[in-house]
Amino acid sequence: GGLETLQKFNADTDGISGQFSQSVKSKKRTQTTAGTFAIQRPGLFRWEYTQPYKQIIVGDGNTVWLYDQDLAQVTKRAQNQTIGDSPAAILSNKTALNANYSLSDDGSSNGIDYVRALPKRSNTGYQNIRIGFKGENLANMQLKDSFGNLTTITFSKINTHPQLNRAQFKFTPPKGVDVLTQ
Amino acid sequence: CSSMAPEKITTTSDWQAGHEQTLSGFDSSGRLAIKDQGKGTYANFSWQNLGLVQTIEVKTPLGNSVGVLCQDSDGVIAEDSKGQVFSASSIEELSQRMLGFVLPFDHLNQWVQGYWIENEPYQLLPDGKLKQSGWIIQRQPQINSRSPHIVELNNARFDIRLVFDEYTDTPSQSSAKCELRHKPS
């Protein structure tokens, strides 16, 4: 089932890159964004929104940088050891997933095997997270929060052996942009 | 440093008086950045303004909510992601307590629509900005519409930028109350 695939994915995969589409369904609206991502374990990730706006989130092992082009601002915060809830943080930290979430098989639908991840501590932003695999491949993630917002991230063009170099996870703020600590 | 292309800044004529009847409600979502004395905050938001009731949901880039704040004639009430409900006299105070940053909210709903607050002193600056209540407000509307695209406000302490990804006018309602007030506690 999904759990077995997740443990195998966790054991084998050190790097992963690809594209994602993110849809957030709330009571009144559904908002869709899309972009690309790259993850180098442990702890390095680049999560880049390209549609409909440009925003980059980079975890370089010490700091998480967020640069929003329209807002012309970079915010940075410590990339502390406690696992963030974002897919990038979850996928970039092999052991942390098992440590912070209780994992269980959650059936499958239209060819995708799911794992349910329930946060062990309630201070994460989510009620639950589901990770879906199509065969061996990471297919999607669903994140439900306590306000009824459901975020579905669908992965595509997944490469589990990307040739990533550390420079890709280094963030240099563009000129003339405020860099502020969150 | 201004992040907006010079030729797209509103000309002085775009600002209008915010008469009661001209004020419509709106339903919007976007992104905000707040600079507060060297500290920076980023958040996604959805913001519904029904005239007397305003609800703003503060979210992460992934769409999960960090908190929902609502202002109506009874005051301000909010809920955090753990289901705790707070109330306070102002959104500024509540956002500081619940979210850890101050979200200056007074008059914002009118300024973003391009209105100055009626019966309060104001000044239209040569570069198209509005000066009122100690703030300087710069507004860049959407292409061929009055709806806001980027709004930037600053005063001695804050520099706030809002980008609207979605914005639709809605009829304002006079009697509504915050939904949170009906929630069984």
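Reader: Which residues does Trp47(B) touch, not counting residues up to four places away in sequence?

Author: A contact here means heavy atoms within 4.5 Å. By that rule, Trp47(B) touches Phe26(B), Asp27(B), Ser28(B), Gln54(B), Thr55(B), Ile56(B), Phe105(B), Leu108(B), Asn109(B), Val112(B) and Phe164(B). This is a predicted model, in which local features need pLDDT of at least 70 and side-chain atom pairs count only at pLDDT 80 or more, while totals for chains, interfaces and linings use all residues. Residues are numbered from 1 along each chain as its sequence is written, chains are lettered from A and ligands numbered from 1 in the order in which they are written, and side-chain values use heavy atoms, with hydrogens and water left out.

Reader: Which residues have the most contacts inside the largest nonpolar core?

Author: A nonpolar core is a set of buried Ala, Val, Leu, Ile, Met, Phe, Trp, Tyr and Cys residues joined through side-chain atoms within 4.5 Å; buried means under 20% relative accessible area, exposed over 50%, and partly exposed in between (1.4 Å probe, protein chains only). In the largest core, of 38 residues, Trp47(B), Leu69(B), Leu153(B) and Leu162(B) have the most contacts. Strand E13(B) gives this core its largest share, five residues; strands (E, at least two residues) and helices (H or I, at least four) are DSSP runs numbered from the N terminus. A second, separate core holds 36 residues, among them Phe37(A), Val115(A), Phe133(A) and Leu138(A).

Reader: How many Å² do chain B and chain A bury between them?

Author: The size of an interface is often given as the accessible area lost when the parts come together. Buried area is summed over both parts and uses a 1.4 Å probe. Chain B and chain A bury about 2,900 Å², 52% of it on carbon and sulfur atoms. Within chain B, the most area is lost by Arg31(B), Tyr42(B) and Leu62(B), together 24% of what that side buries. The contact draws 38 residues from chain B and 34 from chain A.

Reader: How many salt bridges does the rule find across the interface of chain B and chain A?

Author: A salt bridge requires a side-chain nitrogen of Lys or Arg within 4 Å of a carboxyl oxygen of Asp or Glu. Six are found across this interface. One salt bridge joins the side chains of Asp27(B) and Arg29(A), at 3.2 Å from N to O. On the side of chain B that touches chain A, strand E2(B) supplies the largest share, eight residues.

Reader: Which peptide bond is cis, and where does its proline lie?

Author: Most residues other than glycine have a negative phi, and most peptide bonds are trans. The bond from Arg41(A) to Pro42(A) is cis, with omega near -10°, and Pro42(A) lies in the loop between strand E2 (30-40) and strand E3 (44-51) of chain A. Another cis bond joins Gln51(A) and Pro52(A), with omega about -5°. Pro52(A) sits in the loop between E3 and strand E4 (55-60) of chain A.

Reader: Which residue has a positive phi although it is not a glycine?

Author: Lys157(A) has a positive phi of about 50°. This residue is in strand E11 (residues 150-159) of chain A and counts as exposed because its relative accessibility is 66%. Ser133(B), also not a glycine, has a positive phi of about 50°. Ser133(B) is in the loop between strand E10 (130-132) and strand E11 (135-141) of chain B, and its relative accessible area of 38% makes it partly exposed.

Technical notes: Buried area = accessible area lost by both parts, 1.4 Å probe.
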